[in-house]
Amino acid sequence: MARKPFIAGNWKMYKTTNEAVELAGSLVKEIGKFVHADIALCPTYTVLNDVYKTIENSVITLGAQNVYWESEGAYTGEISPIMVKDTGAEYVIIGHSERRKYFSETDSTVNKKVKAVLAIGLTPIICIGETLEEREQNKTMDVIKTQLEGGLEGFAALDVLNSVIAYEPIWAIGTGKTATPEQAEEVHAFIRTWLEEKYTSSTSDQIRILYGGSVKPENIRELMQKENIDGALVGGASLKKDSFVSIVKNAVSDTIKT
Ligand code: PGA
């Protein structure tokens with residue numbers, strides 16, 4: 001089945017308010033009416049609402065990079081799903097490898113966060129991926145399976161349908177070293193088959209699986225030619241207007257005339 005391409009920019013811990021609003025504004029001018037792919041910007045918490053106000057009359061949507069699972073309470077420094085939703089965001093990146101590595105996130109915290117955001121009607125972008133060491137030891141599929149089992153534990157097919165999965169091999173993030181389209185496709189196909197076996201084929205057919213890790217204007221087209229790659233979670237190349245716009249356009253250049 002045809003899954004609509006989805007390109008999300010993960011701005012990580014970059015950009016002050018002025019910088020974020022400027023970038024978002026320039027993206028609205030260039031791709032604010034682009035209908036061939038879903039587009040989301042995921043800036044840091046402090047600028048979520050400013051970016052929202054900049055993009056709200058365009059097709060571009062908003063996502064956060066993290067969330068806490070409780071709805072409110074004495075959790076100094078944390079932000080709840082309702083607070084994220086209140087900014088205008090529709091998506092939340094969950095379990096990014098940088099959060100797993102630097103902030104002790106695990107499949108179990110990912111599971112709680114996914115549950116909390118689904119409950120409030122936000123769409124989680126659930127990140128999974130192996131380290132270089134794990135790949136070299138031929139453990140990639142085991143790691144992916146464990147992350148899927150742990151992150152999605154207890155969910156029904158409908159919950160999973162309302163999620164996006166991002167396969168991000170850790171060795172390809174911010175390194176300039178992209179997985180080859182074949183390496184990425186192998187894991188994407190594995191994920192889709194796992195979803196089919198665990199849930200239903202209509203779930204696995206409909207869910208979008210993004211690739212992330214050094215996506216650039218030059219490599220997105222080839223990645224998107226693969227059957228099971230439905231889009232990208234873009235870090236570094238989403239921080240500049242020209243490269244992000246080219247990624248969005250190149251992602252669909254084989255299927256439409258832009
Ligand atoms: P990168 O980051 O595109 O800079 O490799 C991707 C990500 O971390 O989501």
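Which residue stands opposite Ala8 in β2? I looked this up first: the residue is Ala40. I worked on a predicted model, in which local features need pLDDT of at least 70 and side-chain atom pairs count only at pLDDT 80 or more, while totals for chains, interfaces and linings use all residues. Residues are numbered from 1 along each chain as its sequence is written, and side-chain values use heavy atoms, with hydrogens and water left out.

**Entry: the barrel**

I took helices (H or I, at least four residues) and strands (E, at least two) as DSSP runs, numbered from the N terminus. Two strands pair if DSSP finds at least two bridges between them. I traced a closed barrel of 8 strands in the order β1-β2-β3-β4-β5-β6-β7-β8, and the pairing is parallel. On average, neighbouring strands of this sheet are turned by 25° against each other, direction ignored. For angles I used axes that are lines fitted to C-alpha atoms, for helices over the stretch in contact, with values from 0 to 180 degrees between N-to-C directions. As background, strands of a sheet pair through backbone hydrogen bonds, either parallel or antiparallel.

I then went back to β1 and β2, which run parallel and are joined by 5 bridges. For burial I used under 20% relative accessible area as buried, over 50% as exposed and the range in between as partly exposed (1.4 Å probe, protein chains only). β2 is mostly covered, with 4 of its 5 residues buried.

**Entry: β5 and its two partners**

I noted that strand β4 (residues 91-94) runs parallel to strand β5 (residues 123-128), with 4 bridges between them. In this pair Tyr91 stands opposite Thr123, and Val92 stands opposite Pro124. β5 also pairs with strand β6 (residues 164-167), again over 4 bridges and in the parallel sense. There Ile128 stands opposite Tyr167. β5 is mostly covered, as 5 of its 6 residues are buried.

I located Ile120 in the loop between α5 (107-119) and β5. Is Ile120 buried or partly exposed? Ile120 is partly exposed, at a relative accessible area of 22%. I counted contact as heavy atoms within 4.5 Å. Leaving aside neighbours within four places in sequence, Ile120 is in contact with Pro81, Ile82 and Lys85. I also checked Ser71, which is 49 residues from Ile120 along the chain; their C-alpha atoms are separated by 9.6 Å.

**Entry: the loop between β1 and α1**

I found two lysines with positive phi here. Lys12 lies in the loop between β1 and α1, and its phi is near 50°, a positive value in a residue other than glycine. Lys12 is buried, with a relative accessible area of 18%. Lys15 sits in the loop between β1 and α1 and has phi near 85°, also positive in a residue other than glycine. Lys15 is partly exposed, at 24% relative accessible area.

**Entry: helix pairs**

I looked at α1 and helix α2 (residues 48-55), whose axes come within 9 Å and cross at roughly 25°. That makes α1 roughly parallel to α2. The classes I used are roughly parallel under 35 degrees, roughly antiparallel over 145, roughly perpendicular from 65 to 115, and oblique for the rest. The contact is made by Thr17, Ala20, Val21, Ala24, Gly25 and Val28 of α1 with Asp50, Val51, Thr54 and Ile55 of α2.

Next I looked at helix α7 (residues 140-151) and helix α9 (residues 181-198), which pack at an angle of about 40° with their axes 11 Å apart. That makes α7 oblique to α9. From α7, Thr140, Met141, Ile144, Lys145, Leu148 and Glu149 meet Glu186, Val187, Phe190, Ile191 and Trp194 in α9.

**Entry: helix α12**

Which residues of helix α12 (residues 241-251) are buried? I listed Ser243, Phe244, Val245, Ile247, Val248 and Ala251. The buried residues of α12 pack against β1 (6-10), α1 (17-31), β2 (38-42), α11 (220-224) and β8 (231-234).

**Entry: aromatic rings**

I paired rings of Phe, Tyr and Trp (its six-membered ring) if their centres lie within 6.5 Å. The structure holds 6 aromatic pairs. Tyr68, Trp69 and Tyr75 form one aromatic cluster.

How values were computed
Phe/Tyr/Trp six-rings, centres within 6.5 Å; stacked < 30°, edge-to-face > 60°.
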